Amino acid sequence: MSMLKNYIIVAWRNLLKNKVFSLVNIVGLATGLTCFLLITLYVFDELSYDNYNEKADRIYRINSFIKMGGSELKLAVTSDMMGQTLKKDLPQVEEYVRFYNSNGTKSIRKNGEYIVEPKVAHADSTLFRVFTLPALYGDTKNALNEPNTVVITESAAKKYFGEVNVVGKTIETNENGQTSYRVTAVIRDVPHNSHFDFDLFFSMDNVNYGYGNYLSHNFQTYILLKEGTTAAEVEKQFPKYIESYVLPQAKLVMQINSMQEFRKSGNNLEYSLIPLLKIHLHSDLFPELGVNGDIKYVYIFSAAAIFILLLACINFINLSTARSMSRSREVGIRKVLGTSKTKLVVQFLSESGLTVVIAMVIAIVAAWQILPLFNTLSAKSLSVSLLFSGKMLATIIILPFIVSLLAGSYPSLFLSSFNPVMVLKGKSGTGSSKSKLRNGLVIFQFATSIVLIIATITVYRQLDYIQTRKIGFNKDQVLVIDGTGVLGNSVQSFKNEIAKLPGVLSGTYAGFLPVAGSARNDNTFSKEAVLTTSNTLNIQSWSVDEDYIPTLGMEIKEGRNFSKSFGTDSSAIIINETAASLLGYKDPVGKKLYTLVDNQANIVRSYDIVGVVKNFNYESLRQRIGPLAMVLGQASWSTAFRVKPSDAEALINQVSEKWKSMSTGTPFSYHFLDESFDNMYRAEQQVGRVAVVFAVLAVIIACLGLFGLATYMAEQRTKEIGVRKVLGASVNNIVMMLSRDFLLLILAASLIAFPVAWWAMSQWLQDFEYRIGIGWWIFLISGSIAIVVALCTISFQAVRAALANPVKSLRTE
């Protein structure tokens with residue numbers, strides 16, 4: 001203990017003696033540790049999704065894959081019958097539950113007016129037998145067994161009633177005019193790390209849906225497997241399910257003899273299971289119940305955090321070895337007095353440990369203070385308490401030991417290996433100044449920095465491409481009024497009244513919009529009146545009005561738009577270029593399309609193609625443009641208006657006043673279309689912001705390491721510099737000599753970084769169907785940035801060494 005106390009005292013004295021180097025060491029390590037703690041907090045949170053469920057390891061969601069006529073649908077929903085059928089037929093299935101929230105929101109009455117509530121879904125009464133959602137009041141066992149019942153969370157109870165125990169009270173919605181639901185239970189809030197975030201669960205019995213249909217897919221369906229059952233066992237039964245239930249109904253609507261025939265025609269229907277614990281990070285289907293994460297970004301952030309920490313450790317190593325000459329006499333004297341190499345190693349490790357502990361304390365405080373900013377950066381809502389709970393607390397305890405060994409091992413061995421005779425004579429005891437290890441560390445630092453610079457430039461170029469690419473419609477200056485369906489028969493009057501306002505150019509019903517999260521509807525179409533496996537095509541089918549295409553700035557390529565001048569347009573259809581291509585039409589205008597309007601009665605409706613709209617991206621640029629058709633209809637649950645780029649606030653106030661005069665207590669809700677467009681790329685925007693931060697930190701830490709190595713090299717070559725100056729070398733000659741070696745290191749780092757960065761960013765860009773190329777100039781700019789920053793860092797120490805008095809450096813000779 002006395003030895004350890006002595007080591008700590010010596011370590012503290014050395015920190016105070018070399019204040020500048022100690023400060024740089026501590027700041028570098030604290031920066032790396034802060035990044036590591038915040039990213040670890042983020043990663044732990046992402047990996048914890050849905051873990052709160054006691055039966056999480058046995059819960060699976062059923063996914064659907066449908067391919068017809070060249071179009072593909074990858075869905076997170078199934079038919080309404082699949083869950084109950086699997087439970088009936090398969091002994092491996094213990095329970096099932098469905099969610100249905102195709103309407104997305106409900107208007108709920110509070111204090112005499114309606115509030116648009118987005119966190120709603122209809123669910124089966126089996127919900128609480130599958131998911132762990134503890135009740136505060138009431139009994140969840142039979143809570144949703146009857147129609148007109150609802151289970152709400154603690155937050156919803158406080159929001160609508162001002163108290164928690166509200167079992168037996170009623171909630172009024174405006175569906176079907178007015179529908180009242182009796183609260184049968186109040187549950188704890190759904191944890192933040194859940195892939196769904198509902199506050200109100202309404203009875204599935206209130207869903208106005210044609211049950212018994214195995215072909216239409218609109219329900220998120222989860223199954224709970226019995227203990228000891230694997231997902232593979234259940235998935236093996238899916239082909240039998242298709243043959244027994246889906247195929248017989250398919251035969252009613254098209255000419256099909258077998259699934260084998262269906263697949264031979266290039267079509268396919270498959271079901272698969274995804275574990276509950278993988279949904280948040282591994283699923284990006286339509287429609288998800290919430291905004292999911294992406295496992296790739298977890299890997300990217302984790303790797304970045306580890307590399308930032310490694311850079312900080314390398315920085316510590318280089319700065320420690322740079323100061324080795326000032327410690328050489330101390331080491332020599334200690335060795336002469338009998339101190340063993342082991343004790344010297346322990347002493348220097350103690351010094352490293354003290355530095356790391358101080359840096360760790362600063363890092364914890366910094367992480368605490370920076371957490372709100374980090375939440376903004378990463379779109380999270382992490383609380384400070386998470387820093388000191390569970391795995392994070394263990395990380396905080398273990399991390400200093402790991403970093404102390406990682407950062408302190410080499411300097412300890414390096415310093416303890418000095419030859420006492422040599423160092424006491426004033427000579428270096430450690431060989432050549434051109435240490436391959438130290439040079440390699442600097443190369444690693446700058447290679448990492450250059451990779452991050454390239455990644456940052458590439459991400460922002462792709463985001464800029466997304467914003468500036470011609471997407472087939474004009475997303476700017478489009479005001480979308482939400483929930484206009486509540487106006488009922490007055491919605492047409494509302495649309496006409498708003499269209500007359502001075503700042504409004506045109507208006508349209510906008511239930512279907514070309515942004516993610518808007519309504520979607522797919523139907524099976526054919527060129528022939530009799531549907532077969534070889535002539536059918538799955539097409540997105542949107543109901544629009546005559547003003548839809550001009551209001552959204554779309555362009556008719558062939559034919560015409562819908563028009564009130566044509567009384568026959570009720571049976572007209574407009575298709576996009578992709579649909580025309582997949583249908584095999586070179587001149588589609590005037591041709592007919594057929595679709596089923598009643599699966600049970602096998603009623604086929606025909607449409608006349610009157611126009612072809614130019615392709616537009618109705619999903620994100622990650623996806624290829626699929627086939628789409630527009631028919632004349634009134635999807636009036638939202639209404640959009642193209643407005644002049646003038647005083648938006650004044651216009652919105654005018655629209656709000658019109659709304660209040662026509663609505664029945666429903667609050668006014670609006671957004672702009674370009675905001676919804678930007679939301680589709682929120683994850684990429686987050687990655688861009690994080691990449692900038694990481695790139696800046698990496699460059700700063702790398703420069704600190706370079707500063708350390710420049711200091712070390714100058715110390716080692718003091719006499720050489722003195723001799724050169726005596727022989728007539730100028731300051732410029734000396735600076736160039738010292739800088740040349742470092743420029744070679746940066747060049748080597750660039751040669752390593754360029755292929756790594758090219759591969760990594762090529763992989764990232766593969767997620768986008770429409771993407772930029774990685775130009776050679778990106779590598780040139782990134783390498784140039786690294787060189788300029790390195791030269792700025794080196795120049796201080798190089799000029800200082802070049803200006804030193806050669807008499808002082810040569811007086812020992």
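Which residue forms a salt bridge with Arg520? The partner is Glu619, and the closest N and O atoms of the pair are 2.8 Å apart. This comes from a predicted model.

Arg520 and Glu619 link distant parts of the chain. Arg520 lies in the loop between β15 (504–509) and β16 (522–526). Glu619 lies in the loop between β21 (603–613) and β22 (628–632). The two residues are 99 residues apart.

The cut-off for buried is under 20% relative accessible area.

## Other salt bridges

Side chains of opposite charge can pair when their charged atoms come close. The count for this model comes to 24 salt bridges. Among them, some share partners: Lys87, Glu95 and Arg129 are joined into one network.

Lys169 and Glu163 also pair through their side chains, at 2.6 Å from N to O. Lys169 is partly exposed because its relative accessibility is 34%. Glu163 is at 35%, so Glu163 counts as partly exposed.

A further salt bridge joins the side chains of Lys500 and Glu497, with an N to O distance of 3.9 Å. Lys500 has 63% relative accessibility, so Lys500 counts as exposed. Glu497 stands at 30% and therefore counts as partly exposed.

## The chain as a whole

The protein chain holds 25 helices and 24 strands. The chain has 813 residues, and 52% of them count as buried.

How much of the contact total comes from residues 24 or more positions apart? Such residues account for 78% of the contacts in the protein chain with a separation of 6 or more.

## Helix α3 against helix α7

Helix α3 covers residues 82–89, and helix α7 covers residues 238–253. The two pack at an angle of about 110 degrees. Their axes are 12 Å apart. That angle makes α3 roughly perpendicular to α7, because angles from 65 to 115 degrees count as roughly perpendicular. The crossing is right-handed.

Which residues make the contact? On α3 they are Met82, Thr85, Leu86, Lys88 and Asp89. On α7 they are Phe238, Tyr241 and Tyr245. By class, this contact has five nonpolar, one polar and two charged residues.

## Helix α15 against helix α23

Helix α15 runs over residues 436–468, and helix α23 over residues 731–765. Their axes come within 7 Å. They cross at roughly 35 degrees. The crossing of α15 and α23 is right-handed.

What classes of residue make up this contact? The contact of α15 with α23 has 21 nonpolar residues, four polar and no charged.

Thr173 sits in strand β9, which spans residues 170–173. Is Thr173 buried or exposed? Its relative accessibility is 1%, so Thr173 counts as buried.

Terms used. Residues numbered from 1 in each chain as written. Predicted model: local features only at pLDDT ≥ 70, side-chain atom pairs only at ≥ 80, totals over all residues. Heavy atoms only, no water. Axes fitted to C-alpha atoms, helices over the stretch in contact; angles between N-to-C directions. Helix = DSSP H or I, 4+ residues; strand = E, 2+ residues; numbered from the N terminus. Parallel < 35°, antiparallel > 145°, perpendicular 65-115°, else oblique. Left-handed = near helix turned anticlockwise from the far one by under 90°. Contact = heavy atoms within 4.5 Å. Nonpolar A, V, L, I, M, F, W, Y, C, P; charged D, E, K, R; others polar. Salt bridge = Lys/Arg side-chain N within 4 Å of Asp/Glu carboxyl O. Buried < 20%, exposed > 50% of the residue type's maximum accessible area, 1.4 Å probe, protein only.
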